[in-house]
Amino acid sequence: MNPPVVVVTGGSTAGDVLTLVVAALWVLVPGAAVLAAGGVRRLPLLLGAAPAVSIGVSTVAASVTGATGTRFAWWGVLAAALVLAGLARLLRGPVLPAEDAPPAPARDVARAEGVFSARGPLLAAGVLVLAAAATTCTLFRRGMGALATPSQEHDTITHTLVTARILRTGDAAPWRAQALDVVTGTPAQYYPDGLHQWAALVAQTARVDAVSGLNATSVVVLAVVQTLGLLALADRVLPPRWLPAGGVAAVASALAYQPLLAMHHDSGALPNAAAIALAPGAIALVLPPREELPWRGVVGRVPAVALACAGAVTVHPSAALTVGSGVLGVWCVWLVGSGLTALRGRRRGAEDTLSAPETAFPGAESVSSTRGTGRWLVGLAAVAVLAGGLVGSSLLQAASAGGGSSSRFARDLDPESLPDALHRVLTLPLQGGMDPAGTQEQWVLAVAVLAGLALAGRRALPVAFVWLVWSALAVAYLVDLHAPGLDLVWDSAWNSYYRVVAHGSPWAWLLAGVAVVRAAGWLARGRRAEPVVAAVLGLALLAGAAVASGPTEVRALRERYADPAYERIDADDQAAARYLASVVRPGQRVMNSGNDGSTYAYVLQGVPVLATTAVPLASQPDLRILARDLRALTPQVLQIVRRDDVAWVVVDSLAPGLPLRPADAQFFGVPGYAVPPGLVDLDTAPGFRRAFTSGSVGVWEIESQAQGS
């Protein structure tokens, strides 16, 4: 039986709170500045879309510094935000009326009913968003402990490594985001690094390490980005007095294990999870605004919308599908609904039918005007050109690399019967490593979503439609349907059910919000009390979901952080990293295994390790030879060792087992390994001298005669 893992941690509660505040500011302030300069005044949209725009701003800074060979740093991102905000303000021209200023009769009604009645939905939604954020932070505090606690998940270790290299070298260029050799920077490959740019900014300005910076962004993605984005989407596609539905959606998302909590820290799919969290705010921004903007107003928003699209894609290319499908689905419902309303009006001879609130689709005011729709479409064409210029090459690199092609990745779930597939989609089981059989259903959330679907009616039809489309696609995946269009979706989702169904998750949580606001409408005595009742029901939903799935979610986090179920990085790895940092001379390299905690030697100590992936890639032929044959010191190995000055080896014998793909298994001669064959049992191999030991971790020096010096 393996000894318990000694968790590496540090910092203080006050320091962690400050780091979280810094992370929230970096993801809100730059984007909000550009949005405000472009004329956005609605508070939910300003806050909900700001994160995607902020990462778009940092992507501009990363691209400029990468192309010019300068350093990516916080001051450069602030300078980019100021320039882009100035550009948006210049394009917008004279100040436009505030979007959310109601017409005169509405102001008179608001004045008569009182401030709370006018702002009640926003206040109720704000309370629910704060409750959702606090719940998320509590879950992470209980499961992670301190922000300095590293994850044991190997994908997350890669994310930390990418963040650390941005910090150490100042190179954040998206087209070489993952440098497989952290010292030379080559070979490098495309890797969606929007999240890592943000994490590096947090680490720089909060003066913490890459682990704390990345963990802080992980928490803020779920506690702030997702919750505010859902609020913005509700504000755009639902009636104004249904705004609390966005707060309820935030509450539902905070306690839903699938997809984002699981993607974040059960499978390590951090960028994909962050892209799903960014999507609601980006969708709300891309959809045409409620009011009809003049040409200058449309032009003024183009920079912000382009930055939001580019930022979301830089975080993960799947955002293009999440945002695009959401915008297309909502707009289709609006157009069809407006067309039917117009037809009904002509039959009745009522020329003003389109402007009547009781007959028009909520939120579809902008598509009832052909001129306004045309202007916005022209603006979106400009957005496509700008965003494509910024991230188009990255998307091409991702596509050429094979992305998530199903030919490279096996299904994560075996095909199911149609009844079983419907049960899985509709009852929201935890699934994953915590619930392999899919028997722990999240009934509180599932009932709320289905109730919202039943009660959606015309006013929430766009939400119901998009959710139904993605649920149908999830069922199609589970029953193993194949067609050209479907296969493209499966491939873009890494052939994974969790990633397929994730695209529809924001709409599911909005349906839960619809159920609550409809129930509040029945229970409240008078319209003024509806927001209060909705807030109470939303908090009840939060409590019910917390009781049902909260303990399991905390356990899932603890098994990767505070009380890990397996070990890649612990105090022994840290001790070896400190030793190597003290003895490695300039120019020397350290051979290691990317499957253990040795990469943290670079992350936290700057040790020049060679292996940065769990298995050396085909683009690293020399490293693959070392991983297979180092202990034999063959002539080919000696040539590599002498040329690259590989003077040290670090090995953790307790690394978790790793199955190999067929081509790798053939090359290494084993079906899988915990330690690469070339690094096994170096004490019995000639030419190696053990120089340091801490628990299961050893450091060996390659003796001078092996290097021929």
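**Figure 1. Residue F688 stands opposite I702 in strand β8.** The model is predicted: local features require pLDDT of at least 70 and side-chain atom pairs count only at pLDDT 80 or more, while totals for chains, interfaces and linings use all residues. Residues are numbered from 1 along each chain as its sequence is written, and side-chain values use heavy atoms, with hydrogens and water left out. Strands (E, at least two residues) and helices (H or I, at least four) are DSSP runs numbered from the N terminus, and two strands pair if DSSP finds at least two bridges between them. Strand β7 (residues 688-694) pairs with β8 in the antiparallel sense over 6 bridges. In the hairpin of β7 and β8, 2 residues lie between the strands, and G695 takes a positive phi near 60°.

**Figure 2. Strand β8 also pairs with strand β4.** The pairing of β4 (residues 646-652) with β8 is antiparallel and comprises 5 bridges. W700 in β8 is the bridge partner of V649. Of the 6 residues of β8 (residues 697-702), 5 are buried, so this strand is largely enclosed by the rest of the structure. Buried denotes under 20% relative accessible area, exposed over 50%, and partly exposed in between (1.4 Å probe, protein chains only).

**Figure 3. The largest nonpolar core contains 196 residues.** A nonpolar core is a set of buried Ala, Val, Leu, Ile, Met, Phe, Trp, Tyr and Cys residues joined through side-chain atoms within 4.5 Å. L35, W198, L238, W507 and W509 touch the most other members. Helix α8 (residues 210-237) supplies the largest share of this core, 18 residues. Residues up to four places away in sequence being excluded, W198 touches A23, W26, V27, I55, T217, V220, V221 and V225; contact means heavy atoms within 4.5 Å. A second, separate core of 30 residues includes L610, L638, L679 and L682.

**Figure 4. G594 is a buried residue in the loop between β3 and α23.** The loop runs between β3 (589-591) and α23 (600-605). The relative accessible area of G594 is 9%. G594 and A614 are 20 residues apart in sequence, yet their C-alpha atoms are 4.3 Å apart in space. Beyond its neighbours within four places in sequence, G594 is in contact with T599, A611, T613 and A614.

**Figure 5. V17 belongs to helix α1.** Helix α1 spans residues 13-37. With 45% relative accessibility, V17 counts as partly exposed.
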